[in-house]
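The structure is shown first.

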2 protein chains.
Amino acid sequence: MKDYFKVDEWKIIEEGFDPHYNKVAESVLSLGNGRMGQRANFEDAYSGENLQGNYVAGVYYPDKTRVGWWKNGYPEYFAKVLNAANWIGIDVWIGEEQLDLAKCEVISFRRELNMKEGYLKRSFHAKTAAGKEVAVEAIRFCSMVDDECGAIKYSIIPVNFTGEITITPFIDGDIANKDSNYDEKFWDEVHKNTADDISSIQLRTKKTGFEVLTAMKCVLLQGDASVDYRSTPILKEKYVATEIKVEAKQGEVVTLIKYATNLSSQNYKAEDMAVRATELLATISAKGFDIMLAEQAAAWAEKWKNNDIIIEGDAKAQQGIRFNIFQLNQTYTGEDDRLNIGPKGFTGEKYGGSTYWDTEAYCVPFYLATAEQKVARNLLLYRYKQLGKAIENAKLLGFKDGAALYPMVTMDGTECHNEWEITFEEIHRNGAIAFAIYNYVRYTGDEAYLDDYGLEVLIAISRFWSQRITWSADRQQYVMLGVTGPNEYENNVNNNWYSSTIAVWCMKYTLEVIDKVKASDNAKYDALATKIAFNETIESGRFADIIAKMYFPQDEKLGIYLQQDGYLDKEQLLVTDLPATERPLVQKWSWDRILRSVFIKQADVLQGLYFFEEDYDLETIRRNYDFYEPRTVHESSLSPCVHAILAAKLGDVERAYQFYLRTSRLDIDDYNNDTEDGCHITSMAGTWMSVVEGFGGMRVKDGMLSFNPLLPEEWGALSFQIGFRGSLLNIRIAKEGTTVKNLSDTAITVILKGASQFVEAKNEVFVKA
Amino acid sequence: MKDYFKVDEWKIIEEGFDPHYNKVAESVLSLGNGRMGQRANFEDAYSGENLQGNYVAGVYYPDKTRVGWWKNGYPEYFAKVLNAANWIGIDVWIGEEQLDLAKCEVISFRRELNMKEGYLKRSFHAKTAAGKEVAVEAIRFCSMVDDECGAIKYSIIPVNFTGEITITPFIDGDIANKDSNYDEKFWDEVHKNTADDISSIQLRTKKTGFEVLTAMKCVLLQGDASVDYRSTPILKEKYVATEIKVEAKQGEVVTLIKYATNLSSQNYKAEDMAVRATELLATISAKGFDIMLAEQAAAWAEKWKNNDIIIEGDAKAQQGIRFNIFQLNQTYTGEDDRLNIGPKGFTGEKYGGSTYWDTEAYCVPFYLATAEQKVARNLLLYRYKQLGKAIENAKLLGFKDGAALYPMVTMDGTECHNEWEITFEEIHRNGAIAFAIYNYVRYTGDEAYLDDYGLEVLIAISRFWSQRITWSADRQQYVMLGVTGPNEYENNVNNNWYSSTIAVWCMKYTLEVIDKVKASDNAKYDALATKIAFNETIESGRFADIIAKMYFPQDEKLGIYLQQDGYLDKEQLLVTDLPATERPLVQKWSWDRILRSVFIKQADVLQGLYFFEEDYDLETIRRNYDFYEPRTVHESSLSPCVHAILAAKLGDVERAYQFYLRTSRLDIDDYNNDTEDGCHITSMAGTWMSVVEGFGGMRVKDGMLSFNPLLPEEWGALSFQIGFRGSLLNIRIAKEGTTVKNLSDTAITVILKGASQFVEAKNEVFVKA
């Protein structure tokens, strides 16, 4: 699988067609613009293996399928990410033969994702069974400027014949999800229409009642000239198309430009969408494909200006990081505070819901440093607004008095995942939400956020912990029973060190913030305490008692924290003991075997040491790293980045580099054999962290940025941009030393390799290696 | 809920109609004959709350619905018990009004299950909205003699009017399961027919392709005279009926007799069933309802002769045990070795599959003592025949070299339950299957069974244990990680004492049996060892090493075995701390809360002390009992019987009595608020054990029966029959003493209260209390 795509600093290139890798390529080459997106499916028919996927942000289906023995407290539904109407389809018939690459001889084929300018280009030369040869080029994009629109330029050259070609651009709403039971379809037709030169179809999701209108307008060119074409409308159930017959001449290009728009009833009244679609299609078709594409390139140039990371001398590493940044920008733009960052973005339907703890643990740092402050703040407010539902959710599980448990998976604040070991027990997610508040305030200095929103969330979360933690009379300590830590290859364990650590940290931080808010605005504090009936004496007292008497599992002899009670009872194998044929474990081993094995899916103790590094000395971190790293299989995409940062911190630049490659090229190289389901979007923010926090050694301490650069042998130099409290810095780490360039109008003091450096506006400092 | 049914020694009586309890009554008053059965649904229409259920033994549906994250090694399907065609339906129209008790004034109502003779009688007096009054009596049964047939005698008297009554007996195959997703229907129509006076419909299950033909033949009487009636056939999709119009006279009874038959393609060629049904209906209708009913009573009398338990002076207790024995006999007759004892029998659709560890742990002892030896032997052979599938099942989970894991739930040897914590981890079931072999041989003395079948199963099971148990370098002992014990309110725990105990016992017993078989027939042993590639040196060595170095969790201070590692970390509450409003926990608490609580669903450590009582002194048993009993909520039907036996053993007759009442009246009194889903059939064998092993103190030691009688204060006397190695004994325990009567022609020596007693054929001994 590895090395399937060509290495290029700005592109992902598939050269030659291998049907076996088609679904992986469809994932990797996906397009999106924060509001809609799709997998790199073909426009023309393809009867080979593929996974159709068009997605509209925020549109989901509440699946109520039940199996097994239902548990009390389970959510009502599982939110499926919905496959929406296919707007890219263009059926092509060459005489009596349908163009279908699965049935042609593919003489040449190339698909490339242009990350610099944000489009997908596919070109091929194929020969049909009857011997007719065509050369096709298709370019398409989801517009970042007109973010409800997309456009396709589809060109065909008859290579060795002259004759009729039938081109049928269509919109097909008769689609299913791959993961639907009983082949259930999730969309009902509301209406469809072909009038003038616009065809549209409006569909409504079952149960949730979202409406999405998809419309298209097409232009035909022969050679370079636009031609009036004869077309026949085709209307079928949930399907609308325009059949165009062209007398094509050998060697002369025929081009169809398909302008399309996707409108959602989340943004419009359902009855207004048809008119709005007509306006939009008029606007973009008047602009024309080439101008739209130029605008797209400009919009991406603007993004790259702040986001780009340049790795010199290592094209593979360069391609990896750009791919990650590109996909993150395709998935979430920060412009709609109802949206969040789904783990598959617009690249697949796997995993229901759109918001996981990934957002807080992995994505917030990326947006803090690369986007306006309001983007990270919106991500925090998203959870603040859902606090009521988190309290409801905790109530369903038997918690009380305003304790909040944020959902593991959600679309709108309601829990929508239904496996007890995850939904009910993977509660460390609550800690990540508190940590993101801490992280945001540490980074931005926006302490007012705590007064207005942060403390209310923190108290609700600490209330949850204080109820979830119980007293062990046997130990005379507090314990946390029955949890699943970040390492999901353990379920329902007792005293997961990470969960206990973040829980106690939450309560400590809550107590600190109570003092801070009181000091900054006592009246505000009183109002909040009254609003949420916070009894400081009793509740803070309980928090403090737990902080003082919490049990944390550890092994004195090894000098390590134990992932959970009993971890050392396992057969102490290492990843190096595993034959390659048994990997990934999740695809080869039964669940019980995974659970009782020593193998770790993703950073768990190490995640805690990463978050709270200041509380542990370097030797402790090293001992734990040395113990757990060889037991970690990294079958979660969220794992290698944390290991990369820790390896860098411990000075092991070569391992950090290997982890970096793994995290940044996880999907391009299909490390875990699951990219065909979609890309791992949220972990891409982790890749960014592995560069900036790992090789850049960037931290925020006492309101100041600090860097501890470390450059892999393989790299000539590494540079990245960081926005921090009004300043914009470019950091360039080279073999000879590190340059911090202040691109902004505000002077700033940073810590570089432990020493304070004042960097004037529009100026730079250089420190030798 | 309690006391809803009237207390009667031979009947379960519902007097007056409470729609709220209808589903409970439908369960409790269910009928069956081992081959088919049904809930006590009304014949006439009922639009109020009800759960329709007609079941045909061995017919199931392989549900492939998926939710959540599928685990590697999961079975392909979940076997649903299928609701089959409704053959009892008789629609009644009084003039223009449909008779529907939900829409009538119910002046009187009575439903009674006659356990002595095996029929259900329902009578009521109702007034329609238009003021017409009818008195109805319906008697029906599933014939024990003609076990593919049932019959109904349905009589109506117009109380206050003369006029037309339309009676429409029907067969309705357009039924669903309550638990089906997307309202999926599981049956397709093959054909239907009305010809001469027989109506029939043949249906085929989707996917599994079972065919069931249901046919009926009806006879009409006015007064006592059979009348030729005008009838109109009605055929709809999956539905066939005969509409009969009758000019009914005030005060004169109109009676419809409906003869029905259910034939399954498991027993016939599908194409032969129609002819066979016609023959059967001819036979039974020639016999006539009254003779059929008399034969039914005689067949039940024969069963009661060996099975009955008489409790004098306590009608409630008497009713309880008879209800249990009655339902067991309705569910399984031992005549078809492809069948087994489903946990709901013919009383509901909950729980898929038909065979659980309940069969071995609870039912085998009942059949050993109350039926011919071949019945228990057939239950053992059922598993022997499925050994290949059990080995396959273990392979799917990564075990090798002939290790067998029997399924948690099955229809035919294939695992068909899909929750990882059960399917993959509740592996103690394997131990129960080995224990049943031990139990059977101990009881019957049939050691040849070990040579021919037993040892092969035992080695396969011990191989599984020896691979599932791992070495803890940290402890320098063997451990068993990641299991679910009998107490399903704990999942994925380490070192469940019960599982470890039964696993080690299995290996010990296997080593014993190896020696036994070698001694009895060395050539047979060699042949087996070759067949299954058993390497005695290595494998027996491994078993012995585990036996020597197994870790069993215990607490020195309390002097108890620990249910699992960490059990004492839990908040040590007692059941008495639980408010009634929080019970049953499974309906009130979320799963995580149940898991981390101290509360025990069913006997776990105590199950082990029950099975292996000879290995523990009485004080150890008492300390464990005193510790665990107050923490046990008995939310499994399989729990109170074991506690009853232990309480009796410990001399606590009052608690034993309370547990006995609970287990015997679990469904009648709806203790766990779930009888509406069906009755708990397998635990009924546990009730039998609680009487015979608890109050009777019956054990088998060194090939002899032994009794240690204990009579509850509330009882005048207790008597039961026991078949043992060719003898049939009646044991009567009275206040003044215990009588052992030998009903057979074979003399026997028994141990009574510790002393040996020789009981001649057709004679008795009496020992004073």
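## Sheets of chain B

Two strands count as paired if DSSP finds at least two bridges between them. The model described here is predicted.

Strand β3 (residues 36-38) of chain B is joined to β4(B) by three bridges, and the two run antiparallel. B:M36 faces B:V56 in β4(B).

## Annotated domains of chain A

The unreviewed UniProt entry annotates residues 322-689 of chain A as "domain: Glycoside hydrolase family 65 central catalytic". In the model, the chain over residues 322-689 is 53% helix and 3% strand. The end C-alpha atoms of this stretch are 13 Å apart.

A further annotation in the unreviewed UniProt entry, "domain: Glycoside hydrolase family 65 C-terminal", covers residues 698-755 of chain A. Over residues 698-755 of chain A the composition is 0% helix and 60% strand. The end C-alpha atoms of residues 698-755 are 13 Å apart.

## Helix pairs of chain A

Two packed helices are described by the angle between their axes and the distance between the axes. For helix α9 (residues 429-444) and helix α10 (residues 448-468) of chain A, the axes come within 10 Å and cross at roughly 155°. An angle over 145 degrees counts as roughly antiparallel, and α9(A) and α10(A) are therefore roughly antiparallel to each other. Their crossing is left-handed. On the α9(A) side, the contact is made by A:N430, A:I433, A:A434, A:I437, A:Y440 and A:V441; α10(A) contributes A:Y449, A:L450, A:G454, A:V457, A:L458, A:I461 and A:F464. By class, these residues are eleven nonpolar, two polar and no charged.

Helix α19 (residues 653-664) and helix α20 (residues 681-695) of chain A also cross at roughly 155°, with axes that come within 9 Å. That angle makes α19(A) roughly antiparallel to α20(A). The crossing of α19(A) and α20(A) is left-handed. From α19(A), the contact involves A:A656, A:F659, A:Y660, A:T663 and A:S664, while α20(A) supplies A:S683, A:G686, A:T687, A:S690, A:V691, A:G694 and A:F695. The contact of α19(A) with α20(A) has five nonpolar, seven polar and no charged residues.

## Contact between chains A and B

How many residues does each chain give to the contact? Chain A provides 49 residues and chain B provides 49 residues. On the side of chain A that touches chain B, β22 (470-472), α14 (585-588) and α15 (591-596) of chain A each supply at least two residues. The largest share of that side, five residues, comes from α15(A). The residues on the chain A side divide into 17 nonpolar, 17 polar and 15 charged.

Conventions: Residues numbered from 1 in each chain as written. Chains lettered and ligands numbered in written order. Predicted model: local features only at pLDDT ≥ 70, side-chain atom pairs only at ≥ 80, totals over all residues. UniProt positions renumbered as here; feature names shortened; annotations may be inferred. Helix = DSSP H or I, 4+ residues; strand = E, 2+ residues; numbered from the N terminus. Axes fitted to C-alpha atoms, helices over the stretch in contact; angles between N-to-C directions. Parallel < 35°, antiparallel > 145°, perpendicular 65-115°, else oblique. Left-handed = near helix turned anticlockwise from the far one by under 90°. Contact = placed C-beta atoms within 7 Å. Nonpolar A, V, L, I, M, F, W, Y, C, P; charged D, E, K, R; others polar.
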